[in-house]
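Colleague: I am new to reading protein models. Could you walk me through this one, feature by feature?

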Amino acid sequence: MDFYEVVKMRRSFRVYKPDMPEKEKIERILEAARLGPTWANGQPCSYIVVQEPENVKAIWEAVGQMQKFAEAPMFIVGVVSEKASGTNSNGEKYYGVDFGICFEHLILAATAEGLATCWIGWFNEKKVKEALTIPDKYRVMGLTPLGYSVKSKGEITDRKPLEKIVHYEKF
Ligand SMILES: Cc1cc2nc3c(=O)[nH]c(=O)nc-3n(C[C@H](O)[C@H](O)[C@H](O)COP(=O)(O)O)c2cc1C
């Protein structure tokens with residue numbers, strides 16, 4: 001898939017087939033996340049591949065959105081070290097930005113591999129950390145189910161038009 005095709009085809013998928021994604025595909029999408037740019041190349045992100053059924057179940061419980069989702073076979077949980085990132089000249093911490101860039105690399109790479117994802121930001125961080133023995137000093141900033149979608153979705157249509165969001169020269 002060409003890059004712009006990938007961008008158009010990435011959607012949030014919430015109903016998954018039980019089939020486990022292939023190991024090579026998982027490795028390629030993790031590699032795409034690894035190559036993401038970060039503040040001063042601090043590389044503060046890490047990823048937990050969750051495939052054991054009891055761990056997958058624990059993540060679903062921490063997400064608590066089962067009414068919306070049908071179970072996926074696995075998750076990738078994104079972790080970031082605040083300390084390994086930076087603070088910008090306005091005093092804003094950048095670990096969330098670092099995380100967002102790298103996790104979106106992962107999500108787009110999954111799309112290019114024909115896999116379905118759904119970025120999840122609403123979850124109980126404490127429960128996820130307990131389930132996966134993540135030390136306190138790390139933050140869990142996002143996670144995604146990974147698998148094959150039961151249904152395909154078309155291209156994105158529900159976005160503001162460019163003329164509403166682009167300004168030339170001045171706001
Ligand atoms: C940072 C972030 C957090 C999100 N958290 C959730 C979530 O907790 N649960 C959910 O069902 N979707 C979540 N989404 C998916 C958005 O609802 C979705 O991206 C948006 O509605 C646009 O739809 P699309 O991804 O299909 O283009 C999240 C997306 C982002 C980028």
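Colleague: How many helices and strands does the chain have?

Modeller: Helices (H or I, at least four residues) and strands (E, at least two) are DSSP runs, numbered from the N terminus. Here the chain has 6 helices and 4 strands. From the N terminus their order is α-α-β-α-β-α-β-α-β-α. The radius of gyration is 17 Å, close to the 16 Å of the globule rule for 171 residues, so the chain is as compact as a globular protein of that length. That radius is taken over C-alpha atoms, and the rule is 2.2 Å times the number of residues to the power 0.38.

Colleague: What should I know about the model and its numbering?

Modeller: This is a predicted model: local features need pLDDT of at least 70, side-chain atom pairs count only at pLDDT 80 or more, and totals for chains, interfaces and linings use all residues. Residues are numbered from 1 along each chain as its sequence is written.

Colleague: How do strands of a sheet pair?

Modeller: They pair through backbone hydrogen bonds, either parallel or antiparallel. Two strands count as paired if DSSP finds at least two bridges between them. In this chain, 4 strands form an open sheet, ordered S1-S2-S4-S3, with antiparallel pairing. S1 and strand S3 (116–117) are at the edges with a single partner strand each, so one side of each has no neighbour in the sheet. S1 and S2 pair over 6 bridges.

Colleague: Which residues does Phe-75 contact, leaving aside neighbours within four places in sequence?

Modeller: A contact means C-beta atoms, placed from the backbone, within 7 Å. Phe-75 is in contact with Val-50, Val-56, Ile-59, Leu-143, Thr-144, Pro-145 and Leu-146.

Colleague: Which residues have the most contacts inside the largest nonpolar core?

Modeller: Start with burial: a residue is buried if 20 or more other C-beta atoms lie within 10 Å of its own, exposed if 12 or fewer, and partly exposed in between. A nonpolar core joins buried Ala, Val, Leu, Ile, Met, Phe, Trp, Tyr and Cys residues through C-beta atoms within 7 Å. The largest core here has 36 residues, and Ile-59, Phe-75, Val-77 and Leu-106 have the most contacts inside it. Elements giving two or more residues to this core include helix H3 (53–63), strand S2 (74–81) and helix H4 (95–112). H4 gives the most, with 9 residues. Over the chain, 29% of the 171 residues count as buried.

Terms used:
Two residues are in contact if their C-beta atoms, placed from the backbone, lie within 7 Å.
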